[in-house]
Amino acid sequence: MNVIRKFMLVAASLLVPVIVIAHHNAASHYLLDQKITVKGVVTEFRLINPHARIYFDVTDKDGNVEKWLGEGNASSVLRRRDWKDDSLKPGDEITITGSPARDGGNKLDWESIVLADGTELRGGNTKAGELEQQLRELDKRPRRPEAKE
Amino acid sequence: MNEGTAMKSGASTASRAVIFFSLTLAAIFAQAQDTDLRSYRLGSTASWSEAVSVGVKELALSSPATPDEMDALIGEAEEIAARFGISVYREIDLLVTDLFPDDVAKDKHVLMLYQPPTLEKYMALKQRKAELIKAGEYADKAREDIARGFGRLLSYPDAIIDQKLIDRGIKLSGRPSFNGVWKSPTISLDDARWHIQDVACRNGCSEVSYEYFRDLLSDPANDDTSVFDLYGDTQEFNRKYVSSLIRPTTLQSWANYDAANDAALDCTPQGDGLQHQISAPPAIKIEHSGDRITITYEYWNAVRTIYLDGRSLPDELELSRLGYSIGQLDGNTLVVTTDRLTPSQISLGGNKFYLSEGAQFIERYTLSENGERMDILWNVIDPVNLRGPYTGKMSWLQAPGWVLDKWSCEAITGEF
């Protein structure tokens, strides 16, 4: 499904050149109830506000290279979580999952990134997936001593 | 950028002037490596002399110098100070307090620039410290009072004194202070002091859903149910609660709303309302000085001034994104009422709508007894859209040593 979705989006982006002129609210730009997964190679990582950006190349089975953009959480949040300007480097192979762009462009609002060695990075702007992971980790913590303030 | 409506006063002007002079001298000092040190010291003596002479500072200190350096300096420094009509005292044993590192002037001399009777106050403070040490009582609040006394002689605002003490790891005694940098759960998930419900409500929950979730967690019958599932129940509870709160006409008008029309902000905060500003996860800094509190947010570099001087909310003021805020301190709680807000989109339990022009916020910031935690409740009062006040909640923890980063924003234009 993801592959099909990806190529539908690619086709749409070729037919309809889109200029994005504003950024902030993810819902205005991305279909937050949908997910796609794309594999690519990082060309640039920018740890900035309002959203971190990963520029990456996706090569299809015919060898055609497409330029993609992933948007994540704000630099002001990620830097406090020890993200650095070089947390992703040009040449890094990534498998990135997130919500596709409303306009059909080669963009996604990332939720997770898996590096070639299997390391999973979060840091996405789409809160739901990250929150689920964190809530599941909270199962390990005792509930009663802290339940009542 | 102060997006609230600012008002000047002598106190805040003086505080700004102190900061200005400090920054100026810091800048000079930064270049001092390439500058003749004696000239630099005499230049800064002139700057501080002027600051003291016009009442910006009660007491100013030169940078520490070795005895030999001071011998070569003091004659001309006294002449400079005299031109400004102020006095100079060569201090060979500077009072050590928790404001500064213990060795800040170790084996060095400092020039004190002052107008009478400041030197007597300083000497009395030094004497008091010696007496406390002799009595074995130089600790806790007594020790903090010495540092505060010295800070006030240097004309530091209380907020700055608090910040300096907190940054040096000093636990403030007496009434907990709002002053300092605070961190949200989102940017400090690993801090073990967060409750499970704090993490789940890290971007703000309704107060009732926070309590509902807490009760679910505390019920032994739910021990075999995952936190994730309990949170799912809580979200469902919250959806029903908020739906019952929002007027049907408001719900109806947004039933067919397309999220593509959400406010998309091109690195400008316009359209981003007060609720989001309050609950955005980047760090915040609170400074309480005299009759006002300033909250500086990393998010958008926004600054709010909250007036504590008993004034009323003005009738005639332009609407602004963060409105006009007045407040009252009630023990460990700061209550802030904000009016004159630009109507902006708000999301409550997944329901989005635009606040009406007369919407009002009442925020309650409550410190824990040890001053490490701050719970914020905010009421959204908008009778046009809501049957009653909506109350949101989130919490913050003191973040000693943290400084606010500048919010640098880079809009995407023309890409893809």
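**Close-up views of a predicted model**

α5(B) passes α6(B) in a right-handed crossing. The views described below are taken from a predicted model.

**View 1. The contact between helices α5 and α6 of chain B.** Helix α5 of chain B covers residues 140–153, and helix α6 of chain B covers residues 158–167. The two helices pack at an angle of about 135 degrees, and their axes are 10 Å apart. Because angles over 145 degrees count as roughly antiparallel and those from 65 to 115 as roughly perpendicular, α5(B) is described as oblique to α6(B). From α5(B), the residues Glu144(B), Ala147(B), Arg148(B), Gly151(B) and Arg152(B) take part in the contact. Their partners in α6(B) are Asp158(B), Ile161(B), Asp162(B) and Leu165(B). Sorted by class, the residues of this contact are 3 nonpolar, 1 polar and 5 charged.

**View 2. The buried residues of helix α6 in chain B and their cover.** Six names belong to the buried set in this helix: Ala159(B), Ile161(B), Asp162(B), Gln163(B), Leu165(B) and Ile166(B). Elements of chain B that cover these buried residues include helix α5 and the strands β4 (180–183), β6 (284–289) and β15 (390–398). After α6(B) comes Gly169(B), which has a positive phi, near 80 degrees.

**View 3. Pro117(B) in a loop of chain B.** This residue is placed between strand β3 (110–114) and helix α4 (118–134) of chain B. The relative accessible area of Pro117(B) is 49%, so the residue counts as partly exposed. Along the chain, Pro117(B) and Glu298(B) are 181 residues apart, and their C-alpha atoms are separated by 41 Å.

**View 4. Ser112(A) in strand β5 of chain A.** The strand comprises residues 107–115. With a relative accessible area of 10%, Ser112(A) is buried, because buried means under 20%. When neighbours within four places in sequence are set aside, Ser112(A) is in contact with Thr95(A), Ile96(A) and Thr97(A), and also with Glu120(A), Leu121(A) and Arg122(A).

View 5. Among contacts in chain B between residues at least 6 apart in sequence, 61% join residues at least 24 apart. The chain exposes about 18800 Å², of which carbon and sulfur atoms supply 51%.

Definitions and conventions: Residues numbered from 1 in each chain as written. Chains lettered and ligands numbered in written order. Predicted model: local features only at pLDDT ≥ 70, side-chain atom pairs only at ≥ 80, totals over all residues. Heavy atoms only, no water. Axes fitted to C-alpha atoms, helices over the stretch in contact; angles between N-to-C directions. Helix = DSSP H or I, 4+ residues; strand = E, 2+ residues; numbered from the N terminus. Parallel < 35°, antiparallel > 145°, perpendicular 65-115°, else oblique. Left-handed = near helix turned anticlockwise from the far one by under 90°. Contact = heavy atoms within 4.5 Å. Nonpolar A, V, L, I, M, F, W, Y, C, P; charged D, E, K, R; others polar. Areas by Shrake-Rupley, 256 points an atom, 1.4 Å probe, with all protein chains shown as cover. Buried < 20%, exposed > 50% of the residue type's maximum accessible area, 1.4 Å probe, protein only.
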